[in-house]
Amino acid sequence: MSEIEHTCAFPLDRGAGNNLFGCWLGPAIGLLDLDAFFASVEQLDHPEWRGRPLIVGGDPEERGVVSTASYEARRFGVHSAMSSAQARRLCPDAVWTHSHFDRYRELSGKVMDILADETPFVERVSIDEAFFDITPGRYSCESPLEIAERIRSRVSELGITCSIGLSTSKTVSKIASERDKPRGLTVILPGTEKAFLRPLSVRAMSGIGASAEAALKRAGIHTLGQIADASPAVLTSVFGCHAERMRLRAKGEERSPVSPVDASDEIKSVSCERTFATDLTERSDVDAALALLAESVGRRLRRHGLAGRTVTVKVKFSFGQGRTVQRKLPHRTDDENIFIPVGRALIDTFWGPGIHVRLLGVGISDFERAEGIQTDLFTEVDDRGAVASPRRDLSVAIDQVREKYGSDVVGYGRAARFDNGGQRRH
DNA sequence: TCTGGGGTCCTAGGACCC
DNA sequence: TCTGGGGTCCTAGGACCC
């Protein structure tokens, strides 16, 4: 029997009728966040890496960045999104590994199963985060604290750990979950939300990024309490039509429900981009890179059974600026043989002498539902209403070989000049 | 030391139509 | 011929998230 440990940000106010071991007033919404998730999975799968600084991310020699650092590596100052080169300087002895998404997805699924076993009201936010509603009386009459404690303990049986924030709203629980990582359970009791939020920096609240923070600072607003007290005009100048919703969130009075996602679950776009170890300066290299990225997008579209109508090409130049250009196709497709030429035409719109390409990306979006598809008499359309080139069959055959033997085995000649790291082959 | 890769959502302007 | 207004589609860009 695990002993109940938790952090209460504020002393219990028994007078208000809230008691840890008694009743919980109002909604009980939890946010579960897996601790250093990718790094924890790697340490689970490689016992020899446990207890050592571990970095999941791109190669330091190739403009990579840190995806996740284990807590041992974080002690050296390494954190997500830091360039791998800097991480290596801070922690030269760290173990490095690339990410293994299929494995992360598998474990994430097991965690979601645990949540689903405790309550039907689960809203998955990302691969390592989910909200869950355990309001007493909605599904179970058990104390929210006991349920949260049990979830935490069941997750640890998988060999990874999580932190949980528990309160009456999503905003507060999300912030609370960050307070005591790893393996924390932070409870903000009903009635104490406002006092908990007031002194916090505006950046603590999700939805406020660097840009909104700067705008708020110009208005003299630094804390969530100041957002709660700000004039409607000031808030509107920063948040537009979301001003009053942001105020409610900052006051701890948000009432947005945990929505088990079905429709919003659907994929809206599929894209692939690559930062090259050395800039591309030859148009032929850029075209070859486009083909490589497009094949990856095509493969994922076919795997998901999706076909889209908008092609987007994204580019970053060596001197920092970037551009995105997009074009709508007359018909949807999942066939890179169709959208590669469109991508080339989009590259034409910004290509010129002396251009150095640091990053190139390709994306497909605008997935129509089958009943909304329009066709004409002269276009061959498959049973899902998508157009395909004669070479799509070849693409599908390559998909199958890759499924079976791994992605490095076979590919078109046009993509063979780059390996998966985007490094030019010599 | 600069700043990856996968996404979502929103805004704004211009074209075009009624 | 001039005028205005509204709606929708397309495109580009930006903010934000993990």
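Reader: Which residue of strand 12 stands opposite Val313?

Author: Quick note before the answer: this is a predicted model, where local features need pLDDT of at least 70, side-chain atom pairs count only at pLDDT 80 or more, and totals for chains, interfaces and linings use all residues. Residues are numbered from 1 along each chain as its sequence is written, chains are lettered from A and ligands numbered from 1 in the order in which they are written, and side-chain values use heavy atoms, without hydrogens and water. Strands here are DSSP runs of E, at least two residues, and helices are runs of H or I, at least four, numbered from the N terminus. In strand 12, Val313 faces Val325.

Reader: Over how many bridges do strand 11 and strand 12 pair?

Author: Two strands count as paired if DSSP finds at least two bridges between them. Strand 11 covers residues 308-317, and its pairing with strand 12 is antiparallel, over eight bridges.

Reader: In what order do the four strands of the open sheet run?

Author: Start from the edges: strand 10 (269-280) and strand 12 (322-333) each pair on one side only. The pairing is antiparallel, and the order is 10-13-11-12.

Reader: What angle does helix 12 make with strand 10?

Author: Helix 12 (residues 283-304) packs on the sheet and touches strands 10, 11, 12 and 13. Contact means heavy atoms within 4.5 Å. Axes are lines fitted to C-alpha atoms, for helices over the stretch in contact, with angles from 0 to 180 degrees between N-to-C directions. For helix 12 against strand 10, that gives about 150 degrees.
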